[in-house]
Amino acid sequence: MTKTAGLTKSLSGLPRTVLWDNRVLRLLDQRRLPQERSLITCHQVEDVFECIQTLAVRGAPAIGISAAYGLLADLFETRLSLAQLKIHLAERAEYLISARPTAVNLAWAVNRMMGVVEGKFDDTGELLERLEREAIAIHQEDINACHKIGDHGVALLRKYPNVLTHCNAGSLAVSELGTALAPIYRAYEEGVKVHVLVDETRPLLQGTRLTAFELQLVGVPCTLITDNMAAHMMAIGKVDMVLVGADRIVANGDVANKIGTLNLAILCQHFNIPFYVACPVSTIDIDTESGNDINIEQRNSTEITHWRGEQISPDDTNVANPAFDVTPANLVTGIITEKGILRPPFEQNLKMIGGKS
Ligand code: MRU
C-alpha cells in the first residue's frame with residue numbers, strides 16, 4: 001500500500017512492523033522476536049489497543065501509524081450512520097490514545113485522523129475512504145522522514161563511527177529504516193567502518209531482542225552490552241558518539257526516551273562524548289513546555305520481578321518501573337530530524353521547524 005523511499009538490496013531484508021493489507025491491519029509481533037517472526041491480524045480496535053499496550057508493536061512512530069490504521073479496524077463493513085460513526089470514532093480515538101501516554105506520536109496520529117472527521121462528508125463510505133487515505137499518508141510520510149534522517153545524519157557517522165545506542169530506534173520502531181539506526185545503515189552502506197554498541201535495555205530488552213537482531217540482519221558490526229557497561233566502554237575509548245531515538249521532545253528541547261537514556265547523556269557529558277537524538281518532526285511536541293510536564297508511563301512490576309513468566313525476585317518486593325526518562329536539553333548535542341540537524345538553542349530552533357501539536 002505504501003511505497004518505500006528506495007531501499008537497497010541489503011536493507012530490503014529489514015522486517016516491516018506495520019502492514020495495511022486490503023484494509024486489514026497486520027502487526028509484526030515484536031514480543032516474539034528474534035526467535036519467531038509472526039504477524040498479528042487486528043480484527044478489532046481492542047486488538048490494536050492490546051498490541052500497543054503489550055509492546056507487540058512499539059517505538060513512537062510505529063505506534064502512531066498502527067493507531068491511525070487501528071481507528072478503522074472492522075469499520076469498512078459498518079452499518080452505522082454518518083453521525084453514529086463520528087461518535088464511534090471519537091470514542092475509539094480516546095481509547096487508543098490511552099494505550100500508552102509518553103510517546104507523542106500516538107496522540108498526534110490519532111488527533112490528525114480525528115481532524116479529518118471534522119470535515120463535510122455525504123456518507124460513511126466517503127468518510128472512511130478519506131480516513132484511510134490519511135492513515136496511508138501518515139505511514140508514507142514516516143517512511144520519507146526516516147530516509148531523510150538517514151541522509152542528514154550520515155555525516156556524523158563518518159566522523160564518529162563507533163556509536164552506542166539504547167533501546168530500539170530502528171526499522172522495527174518505525175515504518176521503515178529507523179530513526180537513530182537510519183544514519184547508521186546509510187553509513188554502513190557507504191562503506192564507513194561503523195561499529196554499534198547495543199545496550200541490552202532493561203527491563204524489556206529491546207536492544208538485545210530487536211536492535212541486535214536487525215543490525216545483524218543487515219550485517220552492521222555490533223556488540224551487545226548490558227546497560228551498566230556503558231561507562232566502562234566510554235572510559236576505554238570505545239564510544240565516539242551516543243545516538244538514540246525519542247518518544248517526545250518538548251518545546252525547551254528536553255527529550256523523553258527509553259529509561260536509561262538519561263544515564264547515557266550524563267556519562268557523555270562526563271566523558272565529553274557527543275549525545276545525539278534522532279526523530280521525525282511528529283515526535284516534537286511544541287505544546288508541552290518542559291520535560292517536567294511529560295507523563296512518564298509506569299509499567300507493570302512483573303516486567304522486573306519475573307523473567308519469562310517465572311518469578312525471580314523475593315515475594316512482595318517493591319518495584320518502580322518507569323518506562324521512560326527525560327534527558328534535559330543541555331545534555332543534548334543535536335537532534336537529527338527529516339528537516340536537518342538541530343543544534344542549541346533548541347527552544348528557538350524547535351519552534352522554527354514547527355513541531356506538531
Ligand atoms: O517502550 P518502547 O519500546 O516503545 O520504547 C521505544 C523507545 O524508547 C524508542 O527509543 C523511541 O520510541 C524511538 S523509536 C524510533
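This is a predicted model: local features need pLDDT of at least 70, side-chain atom pairs count only at pLDDT 80 or more; totals for chains, interfaces and linings use all residues.
## The surrounding shell

The ligand is surrounded by 18 residues, each with a heavy atom within 4 Å of it; Arg-58, Arg-100, Asp-247, Asn-257 and Lys-258 are the closest. By class, the shell comprises 9 nonpolar, 5 polar and 4 charged residues (Ala, Val, Leu, Ile, Met, Phe, Trp, Tyr, Cys and Pro being nonpolar, Asp, Glu, Lys and Arg charged, and the others, Gly among them, polar).

Two or more shell residues come from each of α2 (60-70) and β9 (255-258), helices being DSSP runs (H or I) of at least four residues and strands (E) of at least two. Domain 1 (3-141) and domain 2 (150-353) each supply at least three residues, with bounds from an automatic or database domain assignment.

## Backbone features

Arg-202 and Pro-203 are joined by a cis peptide bond, omega about 0 degrees; Pro-203 belongs to the loop between β5 (195-199) and α7 (206-218). The bond from Pro-344 to Pro-345 is likewise cis.

## Basis of the values

Residue numbers start from 1 along each chain as its sequence is written, and side-chain values use heavy atoms, without hydrogens and water. Local features need pLDDT of at least 70 and side-chain atom pairs 80 or more, whereas totals for chains, interfaces and linings use all residues.
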